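Have the structure open as you read.

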Amino acid sequence: MASLRSFLRSGKTFVILFVVTSCASVFQVNVRDALNQAMDEELERDERVFLLGEEVAQYDGAYKVSRGLWKKYGDKRIIDTPITEMGFAGIAVGAAFAGLRPICEFMTWNFSMQAIDQVINSAAKTYYMSAGFQTVPIVFRGPNGSSAGVAAQHSQCFAAWYGHCPGLKVVSPWNSEDARGLLKAAIRDDNPVVFLENEMMYGVPFELSEEMMHKDFVIPIGKAKVERQGTHITLVSHSRCVGFCLDAAAVLAKEGVECEVVNLRTIRPLDVDTIEASVMKTGNLVTVEGGWPQYGVGAEICARIMEGPAFNYLDAPAVRVTGVDIPMPYAKILEDHSVPQIKDIIFSVKKVLNM
Amino acid sequence: MQNMLTLISNVFRLGNASKNVGTRMVVSARSFADFTPQASFPIKKCDLHRLEEGPSDEALLTREQGLQYYRTMQTVRRMELKADQLYKQKIIRGFCHLYDGQEACAMGIEAGINPTDHLITAYRAHGYTFTRGVAVREILAELTGRRGGVAKGKGGSMHMYAKNFYGGNGIVGAQVPLGAGVALACQYQGNNQVCVTLYGDGAANQGQIFESFNMAALWKLPCIFICENNKFGMGTSVERSSASTDYYKRGDYIPGLKVDGMDVLCVREAIRFAADYCRAGKGPIVMELETYRYHGHSMSDPGVSYRTREEIQEVRTKNDPISMLKERMLSNNMSSVEELKEIDLEIRKVIEDAAQYAISDPEPSLDELCNHIYARDPPMEVRGTNPWVKLKSVS
């Protein structure tokens with residue numbers, strides 16, 4: 001230190017070389033933290049926003065998504081509820097009627113079935129029934145779809161169930177950027193939003209740019225994103241399966257097949273335009289989802305493609321890759337074979353392309 | 001003095017019989033100064049549950065209040081009867097659950113709370129829609145499904161909304177957690193308002209009501225839970241549906257009171273008591289209003305297969321809420337037969353005009369079909385019945 005001081009005092013000019021690193025900073029953020037930060041920022045931004053659900057406060061969230069929020073915001077804004085889904089979902093909707101902006105957490109979406117009447121009949125339909133008089137600015141969120149080893153009653157995907165209903169917006173993020181931007185958009189939206197997370201994605205880290213870390217970063221609800229450009233076939237997916245599609249695309253690229261991967265981001269309203277544009281470019285379509293095939297998200301996409309301009313560009317029938325049409329079994333080998341794997345996507349692509 | 005004036009007015013009345021229509025004489029020459037400005041009435045004591053004391057057993061009624069309550073209840077009565085008529089003419093369709101007989105509940109509640117307080121009920125909602133401020137013509141036009149209806153014809157009988165009035169709810173019991181949620185918002189916003197949350201004896205066994213009781217008590221929500229016990233859930237009497245028919249006690253750890261729902265003053269005093277209780281931060285309270293509906297469950301129910309005509313008639317003659325108020329006012333010289341008759345005529349005209357409006361107003365434009373899906377969103381496309389029909393939706 002003393003030598004440095006004397007050096008500086010000596011009056012000698014010197015040139016200090018800076019090694020300039022790339023000026024854009026990136027942040028490693030996992031999906032859980034992305035959701036947490038999004039809620040934190042929205043709670044801070046608007047005092048009408050509050051969170052209620054089982055274990056969201058003192059337990060820091062069953063899956064730790066709301067960690068730290070109760071400590072920061074207290075009992076008034078982070079509310080632990082008894083195990084009474086129908087009751088607390090209804091209470092949340094009533095609070096939304098009367099001017100607040102609740103975030104209602106279902107510990108998993110399986111439990112939402114206890115409260116589904118409040119989501120559909122009290123929340124989704126009210127703006128229409130009242131001819132625009134009564135808004136319902138509520139977000140219902142929680143983990144959806146299969147997890148690991150939690151068996152039949154805890155593994156159902158509800159994208160198709162809620163995606164069926166007019167009046168709802170249904171959102172299904174894949175990565176941290178999706179989670180952050182879509183949750184903020186959902187909380188700021190004046191409509192009831194069903195926000196389908198995925199427990200197995202919570203711990204997965206992704207890179208977020210500085211722009212994405214801005215407190216007003218929102219992703220528009222109702223717009224899909226092309227995650228990977230391709231020319232031979234379109235893969236349309238949502239949530240965790242988007243990652244599988246990208247993995248499958250990487251494998252297929254080695255064989256000269258370039259897949260275009262579309263991340264739906266929103267189930268309802270469905271961004272048909274982006275899907276159609278992609279299919280019109282590639283001529284082939286495979287949809288990939290974790291849920292059951294009958295009356296599912298993939299079924300809807302195929303029907304829309306049939307009914308629209310993209311049909312004329314199809315070189316082969318569109319097909320769906322889905323979960324197996326059974327309740328989710330427990331044993332690992334059975335569970336692994338109940339959900340779409342990367343090899344299933346690759347297989348289906350090759351079948352469609354007649355390889 | 002009184003007799004003298006009556007004599008004079010009689011003379012005038014008789015004298016007018018042959019006069020032509022050009023001149024009009026006031027038939028009743030009694031001036032307002034004759035009427036008693038206010039009186040105190042003893043009211044039935046409420047049965048109490050977990051309460052040391054209840055509402056006062058005496059109610060003060062001013063002449064103005066009496067006339068206002070009479071006018072309101074009579075309006076609701078005539079409006080419901082008009083709806084009955086229009087339904088039988090097939091001008092109203094679908095569900096129509098009429099409120100006649102229960103007017104004292106809606107009026108008493110409104111008299112005891114502020115317009116800034118909140119209220120939510122189930123599907124027998126026309127009375128509350130009126131007391132919460134919606135005009136008769138907008139209610140009837142909603143029933144006939146016209147664009148001038150309070151929900152532009154898109155809601156119907158069970159889905160009418162107004163400021164601080166959250167309907168009109170079709171799913172039995174679902175409105176109770178909603179009401180508790182409104183109460184939570186009141187508490188959260190610190191505005192000293194309460195939410196009156198109504199349900200029927202049929203709904204009283206719903207699990208979600210007990211879930212609401214639990215959270216309301218736990219968090220001390222300013223929620224007044226009110227069971228309108230009209231003795232029948234559709235065709236099932238309370239004895240056949242409920243192991244315990246003490247609906248005011250069903251809140252268990254929540255204090256409750258049982259109120260004569262046919263007496264508008266009883267209801268008013270009780271709701272005042274309940275609102276004070278809630279506003280004091282003591283938490284929720286349960287009220288049971290004993291009342292009766294003259295009509296069946298809905299217009300498709302004649303209402304006599306599960307109860308006797310004699311029973312209905314007995315209530316009409318001995319316990320009608322409007323007659324009770326009328327008798328009180330007349331016997332205490334707070335009004336006159338003529339004055340009330342004039343009010344009846346005015347109401348008749350209001351109802352007739354409203355019915356005319358409801359019949360002649362056009363149906364909603366087809367452009368409206370897909371509107372109001374999302375709030376505050378840019379216009380979007382909605383699929384019609386087939387892929388070639390693309391409809392427009394605006395907020």
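Let's start at a helix contact: A:V272, A:I275, A:E276 and A:V279 of α11(A) touch A:I301, A:R304 and A:I305 of α12(A). By type, the residues of this contact split into five nonpolar and two charged, with no polar ones. Keep in mind that this is a predicted model.

**Helices α11 and α12 of chain A**

- Helix α11 covers residues 272-282 of chain A and helix α12 covers residues 297-307; they pack at an angle of about 65°, with 11 Å between their axes.
- Because of that angle, α11(A) counts as roughly perpendicular to α12(A).
- The crossing of α11(A) and α12(A) is right-handed.
- As for the spacing of contact positions, an α-helix has 3.6 residues a turn, so residues three or four places apart point the same way.

**Helices α10 and α14 of chain A**

- Here's a second pair: helix α10 (residues 240-254) of chain A packs with helix α14 (residues 342-352) of chain A at about 55°, and their axes are 9 Å apart.
- So α10(A) is oblique to α14(A).
- Which way does α10(A) cross α14(A), left-handed or right-handed? The crossing is right-handed.
- On the α10(A) side, the contact is made by A:F244, A:C245, A:D247, A:A248, A:V251 and A:L252.
- On the α14(A) side, the residues are A:I342, A:I345, A:I346, A:V349 and A:K350.
- Nine of the residues in the contact of α10(A) with α14(A) are nonpolar and two are charged, while none is polar.

**Chain B overall**

- Chain B has twelve helices and twelve strands.
- Its radius of gyration is 23 Å, close to the 21 Å from the globule rule for 395 residues, so chain B is as compact as a globular protein of that length.
- The C-alpha trace of chain B spans about 75 × 60 × 45 Å along its principal axes.
- What share of the 395 residues of chain B counts as buried? The figure is 55%.
- Taking contacts in chain B between residues at least 6 apart in sequence, 71% link residues at least 24 apart.

**Helix α3 of chain B**

- Helix α3 (residues 103-112) of chain B has nine of its ten residues buried, so the rest of the structure largely encloses it.
- The buried residues of α3(B) are B:E103, B:A104, B:C105, B:A106, B:M107, B:G108, B:I109, B:E110 and B:G112.
- Two glutamates, B:E103 and B:E110, are among them.

Definitions and conventions: Residues numbered from 1 in each chain as written. Chains lettered and ligands numbered in written order. Predicted model: local features only at pLDDT ≥ 70, side-chain atom pairs only at ≥ 80, totals over all residues. Heavy atoms only, no water. Axes fitted to C-alpha atoms, helices over the stretch in contact; angles between N-to-C directions. Helix = DSSP H or I, 4+ residues; strand = E, 2+ residues; numbered from the N terminus. Parallel < 35°, antiparallel > 145°, perpendicular 65-115°, else oblique. Left-handed = near helix turned anticlockwise from the far one by under 90°. Contact = heavy atoms within 4.5 Å. Nonpolar A, V, L, I, M, F, W, Y, C, P; charged D, E, K, R; others polar. Rg over C-alpha atoms; globule rule 2.2 N^0.38 Å. Buried < 20%, exposed > 50% of the residue type's maximum accessible area, 1.4 Å probe, protein only.
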